Each structure stands twice: as C-alpha cells, then as structure tokens.
Amino acid sequence: GAGSGLDEAGRRRKIATIERAIYVNKPDKSDAVDVLAKVGGYELAGMAGVILAAVAHSVPVVLDGYICSAAAVAAAIIAPASKGYMLAGHEGEERGHKYLLKHLGLIPILRLNMRLGEGTGAVCAIPIVRLAAATISEIALLSDAGIESI
C-alpha cells in the first residue's frame with residue numbers, strides 16, 4: 001500500500017524491492033525465523049522478540065500498525081499461545097494491516113483511520129485497556145455490596 005503518503009511510483013518501487021528480496025533470499029514461508037532472518041529486517045525480528053519476551057513474562061502487548069502486526073504474526077507462528085497476549089490498539093488504513101489483524105484473530109480497540117506509523121494507535125488504546133482492566137478488577141459485585149438482586 002501507499003503507507004503514509006507514498007506516490008504510485010514509490011509504491012511500485014516498494015513492490016519491486018520486496019519481490020527482489022524474496023527472489024534473492026528464498027525464505028522458507030513455513031519457518032517464521034527463516035523469513036525474519038532473510039527478509040524481515042532487524043526491526044521486525046526485534047519486535048517479534050519483544051512480543052515473545054513479554055509473553056514469557058505474562059505481559060500483554062498492544063500492537064500498533066502494519067509493521068508491528070507483521071512482527072506479531074511471526075511471533076504467533078513461533079509461539080501460537082502468544083496470540084492470547086496480543087491486543088490490537090487500532091486498525092490502520094493499510095489493507096495489509098487489516099489482513100494481518102484478521103489473520104491474528106484480533107478485533108481492533110480503535111478505528112480512527114490512522115496511517116501514521118509511530119505507535120499513535122497503541123498510545124490511544126492504552127487508556128481504554130487500563131480502564132477495562134480496572135473495571136474487571138476493581139468494581140464490586142452486587143453480592144459484595146450487600147445487594148441480593150435487582
């Protein structure tokens with residue numbers, strides 16, 4: 001896609017670059033580590049590692065945008081249980097982002113038509129995640145308040 005404003009010529013160059021990288025490096029699509037090593041880049045491998053480290057410590061991860069979600073797919077292939085710790089902060093405008101969230105089975109917390117790429121969607125979603133956690137953990141049950149039924 002166009003990302004955050006790439007013109008059509010730039011988009012075509014991006015496609016050609018990706019096709020060339022796949023042709024030259026021949027990643028094994030059944031092996032997420034091989035794909036990360038051959039065409040993922042340090043940022044994707046690093047993000048996948050951070051996601052897996054968070055999951056190893058039972059810490060949920062709020063995903064943001066296309067690149068982060070691509071890293072999350074790699075993490076989910078490496079450790080399928082990691083999907084249970086992932087939250088989609090938002091759904092970006094990139095068609096690929098929508099596809100990745102669907103692949104992960106995640107429903108975005110926000111849909112704000114963003115295509116910024118600097119973590120803004122996750123930053124906007126975190127207060128909602130905190131509010132949900134507080135609601136679950138701090139609100140008393142009716143029976144705790146001495147109310148039998150309504």
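## Ground rules

The model is predicted, so local features need pLDDT of at least 70 and side-chain atom pairs count only at pLDDT 80 or more, while totals for chains, interfaces and linings use all residues. Residues are numbered from 1 along each chain as its sequence is written, and side-chain values use heavy atoms, with hydrogens and water left out.

## His 90

Start in the loop between β2 (86-88) and α4 (95-104). Helices (H or I, at least four residues) and strands (E, at least two) are DSSP runs, numbered from the N terminus. His 90 lies in that loop. Its relative accessible area is 4%, so His 90 is buried. Buried means under 20% relative accessible area, exposed over 50%, and partly exposed in between (1.4 Å probe, protein chains only).

Setting aside neighbours within four places in sequence, the contacts of His 90 include Leu 63, His 97, Pro 108 and Gly 121. Contact means heavy atoms within 4.5 Å.

## Gly 121

Gly 121 sits in helix α5 (residues 120-138). Its relative accessibility is 1%, so Gly 121 counts as buried. Beyond neighbours within four places in sequence, Gly 121 touches Asp 64, Gly 89, His 90, Leu 110 and Met 114.

## Helices α3 and α4

Helix α3 (residues 65-78) packs against α4 at an angle of about 30°, with the axes 9 Å apart. The pair is therefore roughly parallel. Axes are lines fitted to C-alpha atoms, for helices over the stretch in contact, and angles run from 0 to 180 degrees between N-to-C directions. Angles under 35 degrees count as roughly parallel, over 145 as roughly antiparallel, 65 to 115 as roughly perpendicular and the rest as oblique.

Among the residues that meet are Tyr 66 and Val 73 in α3, and His 97 and Leu 101 in α4.

## Two loop residues with positive phi

Lys 26 lies in the loop between α1 (8-25) and α2 (32-56). Its phi is near 45°, a positive value in a residue other than glycine. Lys 26 is exposed, with a relative accessible area of 55%.

Ser 58 lies in the loop between α2 and β1 (61-63). Ser 58 is not a glycine either, yet its phi is positive, about 55°. At 49% relative accessibility, Ser 58 is partly exposed.
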